[in-house]
Amino acid sequence: MYAYPVFRRQSASSTKLLMAPSEEARALSNTVSGRAKPKEEVLAEATNFVTGHGGDPADRLLVLAHCQLQFGMFQGQRFRWLLENSLGYAVYLLHSISKETVQANPLSANKQLFQEFTSQITEMTVELEKFSRKQEMQKKAKDTGDQGYLMVEFGDFKGRSMKEVYEDQSQKAQALINYLKTADARPNTNMAIFKTYVLKRRAAASILPSSASTSTGRPPAPSTSAVPPPAPSTSSASPAGFQSGAWKPATVKSLLARGNLSPSQLVKKLLSPVKLSPALQLTSPRPSKPRQLFPSDSAEIDDEEMVSAAAQCEAQLNTALAATVPRDACADPPPAALLHQPSAELPSHWKDQLPPYQHEWIRHTLFKANPRTGKPELVSPLKLWWYPPQPALIHTQPPASPDHFFCRPLFLWMPQKMWLFPLVCVRPACGKHRLTAAGVYRTVQKVLDIDGWYDLATEYLECKQCSKKYPAWSEDILGQLDVGHRSKFPALLTYRYSCGIRVLRMMRERTMGNSVTQLYKKLQE
């Protein structure tokens, strides 16, 4: 008997929980509801149930896990059963309960018991936060009418708003946006909604530049000379914002609204001559002299006037920039040392266990530096097998070191961290107290396989009640796993030596009177 629910997952190695109801839950979803039982009666029934099945009635979490629901479509089922068979519905109930006011009746008391149980389940806390944030984003999108506030529910950007991902200039985000433009998304899915939003934003971005250029054009002022003015046409419109030899602040703000130009680029844009479109060049005569941004009575502009004009333009730019751009956006870029954080170092005890040629690729592949403490921590998501980078097939010059020719794979065994198994302490005095993570184990085993060697590392688990620690490859831990996950462990370990399962299978050929010489020769090959 156990208290902590075993959640359903998409696959054995996946960390994503299944929210949809199980087949058993679908069959029970039409049960008839009845009157809620008092809190004392519910706890007494759960205590008797735990005692009758050999559990500890003093374990509060175990008793709460076997309390019966007195509300909802699964009334009569136990709390732990609901989390294991219909996690999405459980999160919905918990979100609704958190908004209700506590009342003095059996129904409200049962909801508080359910809330007490789920508050001790880490996965429920995480899923409730995701669901609450999703509801807030949906409400904001409904109130504003902007789909960009909806949550992205797939991929590496899961949990962020569609607007935030679309405006992210990182290479990975832009690759996702480009993929969504032509993606074949199923209707009414989150990907289909995101694709619609991306196409709308792309269409609006293509319309804005042309409409802005036509709306800001102004007709030229009438000439005071004796020469008759030219016939009015659209080709004689002056450049945007150009009037009386100065740029208006509105034009500066329109350039700032683009958001993709730095201050120095904006100044260069403002000071550069206006280029005519091909259509204007065909209908208007080519000017005999270069077009001037700041016209004056004289044919030439000396250096002092150019400096004065640039200063005036810079002042207008700074004024508009201060009103629209945060101060941090114009700050100097951080030093290169801050942009390129050093890679995490290997744990000190692993350095002593692993050969030197294994250090470099393992610390770059398996570990990252904590941004706050700088200490090494494991990357996410984790997997069982980790392979070193392969050397190049052709070398134009001798390699600097032969180490990368001798690198070997690493097998990482972390059943609790990868699959969240409810592993417990095996000491009878602890009453099957649940084990918690205590970092990585200090020892790294070197395992013999058919085609070479590989390293085997594991996690350290600790019982907070008796302070006993277990490496995850010990028989006390392996014996608690189901057959499917237990079979993924690839080796037989002893105190000094370790051997892979594939080598052990070759030992079946040895019979009475048959020495291990044949096996030894095969392994040498």
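**Figure 1. Overview of the protein chain in the predicted model, in which buried residues make up 34% of the 525 residues.** The secondary structure of this chain comes to 22 helices and twelve strands. Of the contacts that join residues at least 6 apart in sequence, 56% are between residues at least 24 apart.

**Figure 2. Close-up of the largest nonpolar core, which has 42 residues.** Trp 350, Ile 362, Leu 366 and Trp 413 have the most contacts inside this core. Two or more residues each come from helix 17 (356-366), strand 6 (410-413), helix 18 (415-419), strand 7 (435-440), strand 9 (452-463) and helix 19 (475-478). Strand 9 gives the most, with five residues.

**Figure 3. Surroundings of Trp 413, one of the residues with the most contacts inside the largest nonpolar core.** With neighbours within four places in sequence left aside, Trp 413 is in contact with Leu 384, Trp 419, Ala 457, Thr 458, Glu 459 and Ala 472, and also with Trp 473, Leu 478, Leu 481, His 485, Lys 488 and Phe 489. A second, separate core of 35 residues includes Tyr 4, Phe 7, Ala 46 and Ile 97.

**Figure 4. Packing of helix 5 (residues 87-99) against helix 6 (residues 106-118).** The two helices pack at an angle of about 115°, and their axes are 10 Å apart. Their crossing is left-handed. Helix 5 contributes Ala 90, Leu 93, Leu 94, Ile 97 and Ser 98 to the contact, and helix 6 contributes Lys 111, Gln 112, Phe 114, Gln 115 and Thr 118. By type, the contact residues are five nonpolar, four polar and one charged. Ile 97 of helix 5 is also among the residues of the second core.

**Figure 5. Buried residues of helix 9 (residues 171-181).** Ala 173, Leu 176, Ile 177 and Leu 180 are buried in this helix. Seen down the axis of helix 9, its buried residues fall within an arc of 100° and therefore line one face of the helix. An α-helix has 3.6 residues a turn, so residues three or four places apart point the same way.

Figure 6. Asp 449 counts as buried because its relative accessibility is 11%, and buried means under 20%. Residues up to four places away in sequence not counted, Asp 449 touches Tyr 454, Arg 502 and Val 503. The C-alpha atoms of Asp 449 and Ala 491 are separated by 8.9 Å, while the two residues are 42 residues apart along the chain.

Technical notes: Residues numbered from 1 in each chain as written. Predicted model: local features only at pLDDT ≥ 70, side-chain atom pairs only at ≥ 80, totals over all residues. Heavy atoms only, no water. Axes fitted to C-alpha atoms, helices over the stretch in contact; angles between N-to-C directions. Helix = DSSP H or I, 4+ residues; strand = E, 2+ residues; numbered from the N terminus. Left-handed = near helix turned anticlockwise from the far one by under 90°. Contact = heavy atoms within 4.5 Å. Nonpolar A, V, L, I, M, F, W, Y, C, P; charged D, E, K, R; others polar. Buried < 20%, exposed > 50% of the residue type's maximum accessible area, 1.4 Å probe, protein only. Arc of directions from axis to C-beta. Core = buried A, V, L, I, M, F, W, Y, C linked by side-chain atoms within 4.5 Å.
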